[in-house]
Amino acid sequence: MEIGRISGDLITNPILACRDKCLRVMEGENVKYTAGLPGPGSKIAAYCQTNAHTKDYIYGLETGAFGMVQLDREESRLIWDVAKHTSSVSAICVYDMNQDGVKEICIGREDGTIEVYAEQE
């Protein structure tokens, strides 16, 4: 299980990436809503703030797939996913590595592989 957060309106909601193929957005000690994943969750990392109430997250799966999901306080939306690798995602980092103003996505895997992805123009 990995934990991320949704922030806005002075409230921070933890997000749990769970092995039962779900992201859970919490409110206090209760589950506010559940978002389905295409496989067992292993990692989650914030990508960018879309607006005051919506954030994009990169999730990683035990199956090796990863993708982007958009979360707000009420619902989720799967943006894209990549399922081309078989080694589980063990780390996700989002950082502007080449300082061009666009964040790259770094994926670390259990087999020691590190992948860097950038948006295509």
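1. Largest pocket, lining. In this predicted model, the largest pocket is lined by Y47, F66, M68, W80, V82, K103, I105, Y117, A118, E119 and Q120. By class, eight of these lining residues are nonpolar, one is polar and two are charged.

2. Largest pocket, volume and strands. The space in the largest pocket comes to about 150 Å³. Two strands, β7 and β8 (76-82), each contribute at least two residues to the lining.

3. Salt bridges, overall. Side chains of opposite charge can pair when their charged atoms come close. With a cut-off of 4 Å between a side-chain nitrogen of Lys or Arg and a carboxyl oxygen of Asp or Glu, the model has four salt bridges. Among them are the pairs R19 with E62, D20 with R24 and R109 with E115.

4. R19 and E62. The closest N and O atoms of this salt bridge are 2.3 Å apart. R19 sits in the loop between β2 (11-18) and β3 (22-27), while E62 sits in the loop between β6 (55-61) and β7 (66-71), so the bridge ties together parts that are 43 residues apart in sequence. R19 has a relative accessibility of 59% and is therefore classed as exposed, the threshold for that class being over 50%. E62, at 30%, is partly exposed.

5. D20 and R24. A salt bridge joins the side chains of D20 and R24, with an N to O distance of 2.6 Å. D20 counts as partly exposed because its relative accessibility is 43%, and that class lies between 20% and 50%.

6. R109 and E115. Is this pair buried or exposed? Both R109 and E115 are buried. Their side chains form a salt bridge with an N to O distance of 3.1 Å.

7. S88, position and burial. S88 belongs to the loop between β8 and β9 (89-95). Its relative accessibility is 10%, so S88 counts as buried; the limit for that class is under 20%.

8. S88, contacts. Which residues does S88 touch, leaving aside neighbours within four places in sequence? The contacts of S88 are S42, L61, E62, G64, G108, R109 and E110. Two residues in that list, E62 and R109, also take part in the salt bridges described above: E62 pairs with R19, and R109 pairs with E115.

Note on methods: Residues numbered from 1 in each chain as written. Predicted model: local features only at pLDDT ≥ 70, side-chain atom pairs only at ≥ 80, totals over all residues. Heavy atoms only, no water. Helix = DSSP H or I, 4+ residues; strand = E, 2+ residues; numbered from the N terminus. Buried < 20%, exposed > 50% of the residue type's maximum accessible area, 1.4 Å probe, protein only. 1 Å grid on protein atoms, 1.4 Å probe; cavity = no way out; pocket = protein on both sides within 12 Å on 5 of 7 lines; lining within 4 Å. Points joined across faces, edges and corners; volume = space filled by probe spheres on them. Nonpolar A, V, L, I, M, F, W, Y, C, P; charged D, E, K, R; others polar. Contact = heavy atoms within 4.5 Å.
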